[in-house]
Amino acid sequence: MATKYSDLELAINTLVTEFHNAADDAPTMSSTQFQTMISKQLPGFSKTVETEEGLGQVLAQMGVQGGQSISFQNFWTLINQQAVQMFAASHTEKNATNCGCLLQ
């Protein structure tokens, strides 16, 4: 019998898989690979990294130094920030019965 994974396990697997795909299975990715992944996988957030200034700010928030490759840990920092914002937004809505969260 095949193992049935929970939605949370599948979501984590998707994050890891998408990182590996964008990084061509390397342990890190370039800023160009990062921008491409964000535009495909987080289109609502991609406007933030379209400019060099915006990209630099996001990379700094992720803990990436100038010219440094982006690790999964750096990427996870971004995901964490986005999830915290989504969680906070879901609690500011009155009588929220269902999380209608959207990535920002």
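In this predicted model, helix H1 meets helix H5 through Leu-15, Val-16 and Phe-19. Their partners in H5 are Phe-72, Phe-75, Trp-76 and Ile-79. The residues of this contact divide into seven nonpolar, no polar and no charged. H5 covers residues 72–92, and its axis comes within 11 Å of that of H1. The two axes cross at roughly 130°. Angles of 65 to 115 degrees count as roughly perpendicular and those over 145 as roughly antiparallel, so H1 and H5 are oblique to each other. The crossing of H1 past H5 is right-handed.

H1 also packs against helix H2. Here Glu-18, Phe-19 and Ala-22 of H1 meet Gln-33, Met-37 and Gln-41 of H2. The contact of H1 with H2 is made up of three nonpolar, two polar and one charged residue. H2 spans residues 31–41. The axes of H1 and H2 come within 9 Å and cross at roughly 135°. That angle makes H1 oblique to H2. H1 passes H2 in a right-handed crossing. Phe-19 is listed in the contact with H5 and also in the contact with H2.

H1 itself runs over residues 7–22. Just after H1, Asp-24 has a positive phi of about 55°.

An unreviewed UniProt entry lists residues 8–47 as an S100/CaBP-9k-type calcium binding subdomain. Over these residues the chain is 75% helix and 5% strand. The end C-alpha atoms of the stretch lie 27 Å apart.

Note on methods
Residues numbered from 1 in each chain as written. Predicted model: local features only at pLDDT ≥ 70, side-chain atom pairs only at ≥ 80, totals over all residues. Heavy atoms only, no water. UniProt positions renumbered as here; feature names shortened; annotations may be inferred. Helix = DSSP H or I, 4+ residues; strand = E, 2+ residues; numbered from the N terminus. Expected span 1.5 Å × (residues − 1). Axes fitted to C-alpha atoms, helices over the stretch in contact; angles between N-to-C directions. Parallel < 35°, antiparallel > 145°, perpendicular 65-115°, else oblique. Left-handed = near helix turned anticlockwise from the far one by under 90°. Contact = heavy atoms within 4.5 Å. Nonpolar A, V, L, I, M, F, W, Y, C, P; charged D, E, K, R; others polar.
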